Amino acid sequence: PSVLALNTPSPADLWAMDREHALHPWTQFGTFEREGALVISKGEGCWLWDADGRRYFDSVGGLWCTNIGLGRREMALAMADQAERLAFSNTFVDMTNEPSARLAAKLAELTPGDLNRVHFTTGGSTAVDSAARMVGFYQHAMGRPKKQGIVARDHSYHGSTYLSQSIGKRPGDRVEEFRYKTDGIWHLSVPNPYRRPAKMTEAAFCDWLIAEFEALIAKVGADRIGGFIAEPIQASGGVIVPPEGYLKRMWEVCQRHDILFIADEVVTSFGRLGHWFASWDEFGVQPDIICTAKGLTSGYVPMGAVLFSDRIWDVMAEGGARWFSSGYTYAGHPVASAVALKNIEIMEREDLLGNATKVGAYFEARMKELAAMPLVGDVRGKKLMVCVENVADKETKAVLPDEANESKRISNAAEAMGLMVRPMGHLNVMSPPLVITEAQADFVAEVLERAIRQVTDELVREGFKLG
Ligand code: PLP
């Protein structure tokens, strides 16, 4: 019989259907075939329930995205209402739709400076992909056809399309089985103060990073570099907060060489750092282009956007004869746009940016207390974007061997205590919804501390050397 005839599949049925048929992103084949995936069936606020009814506090925030929290009836009604009224209409053939037009105008209101133009996409990867193409289009229209290249940084993550993954360069993502575009893409060093060269001050490290960018421009030629892309805080590459002043100085270098500054704010926008967008409000940088997704709809439906300046528009549109021959069927999707509008309305009405600022500062401080633990080398991040880096030796900052698998074990231990944290290499990463309370921040800190202590004891018993 068809699986759809199973009206009430058991948790075990669901687990088996998934395990036998689904290919999950970034999931090791062997582990998946052995263990399958945890089936999640309900979400409310910051909490998740699995199919067996166990409850977890989701400090991962979905995947940096459930900003207003899950289970909001108002969101479901906005979605249902729009689906009934107009579920789809394309934005290609000289048409638009009401929610998409309203969202475009609302985003122009929220963005810094003259970023008054929007190109809607289906998510973050397609936003980065489209932004990179926009750089080439703009520079070509400026009469600089060679100025097409993109400069990015090591340990960055910009998405999973061919182009966005070639622009990103996270350790572990570059596998032999895939190919990557390499011509016209250059990577600078990761601006990670924790792992800067020994004996170098943070200020000297910053000078060195800026000089590295200048040297690359001198070598390649400013006439070949069209754009520089940066996550204000590198998210999946390890929650890397760059040295003080770094982003602003990189932006100044860009301005001197007519290189467009693309801020990949797929994670840092819509409240994660307490602002609609972090570039200007947190780092004093006015990008030419911002890529956003995730918190734009708080993960209720997929959507992304490229927000760009009037200046870029004017150049691309000059003469009126060109067209931006790139875009997606679901660009400006009416249901996604209605969801984004409701999401923004809720953030404004409940002052969730204010909550992210206030509780975010408390959360950050509580997490930073974990830095005193023997296994913890560094706790970094800002507000609701934090990670804990585990080390074997706090002095040398050496990591544990792979077989220790400590961050996955910490996340497993926390999960058994009702807390989800994301294991990533030697890190455990957190990005809870903006609705988090101080009491919940305490819960995360206390459970994570217990989980780290438990795994540290196990590692010592197993004979791993901890400095
Ligand atoms: N850019 C950044 C900074 C991200 O963190 C991500 C996803 O995590 C992306 C782009 C890709 O977004 P998506 O997965 O929606 O395609």
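Modeller: Here is a walk from the domains to the contact side, and then on to the core and the ligand. Keep in mind that this is a predicted model. Where they meet, 28 residues of domain 1 are in contact with 23 residues of domain 2.

So much for the overview; now the domain 1 side. The elements giving two or more residues to it are helices H3 (61-64) and H13 (352-368), along with strands S11 (376-382), S12 (385-390) and S15 (427-430). H13 gives the most, with 5 residues. Sorted by class, this side has 14 nonpolar, 8 polar and 6 charged residues.

Next, have a look at the largest nonpolar core, which has 123 residues. Helix H15 (438-461) supplies the largest share of this core, 9 residues. Ala-131, Ile-289 and Val-306 touch the most other members. Val-306 is in contact with both Ala-131 and Ile-289, and its other contacts beyond four places in sequence include Val-118, Met-134 and Cys-291.

Last stop, the ligand. It has 15 residues around it, and Gly-123, Gly-124, Ser-125, Gly-159 and Val-266 come nearest. Helix H6 (124-141) gives the largest share of that shell, 3 residues. By class, the shell has 6 nonpolar, 7 polar and 2 charged residues.

Definitions and conventions
Residues numbered from 1 in each chain as written. Predicted model: local features only at pLDDT ≥ 70, side-chain atom pairs only at ≥ 80, totals over all residues. Contact = placed C-beta atoms within 7 Å. Helix = DSSP H or I, 4+ residues; strand = E, 2+ residues; numbered from the N terminus. Nonpolar A, V, L, I, M, F, W, Y, C, P; charged D, E, K, R; others polar. Near = placed C-beta within 6 Å. Core = buried A, V, L, I, M, F, W, Y, C linked by C-beta atoms within 7 Å. Buried ≥ 20, exposed ≤ 12 C-beta atoms within 10 Å, placed from the backbone.
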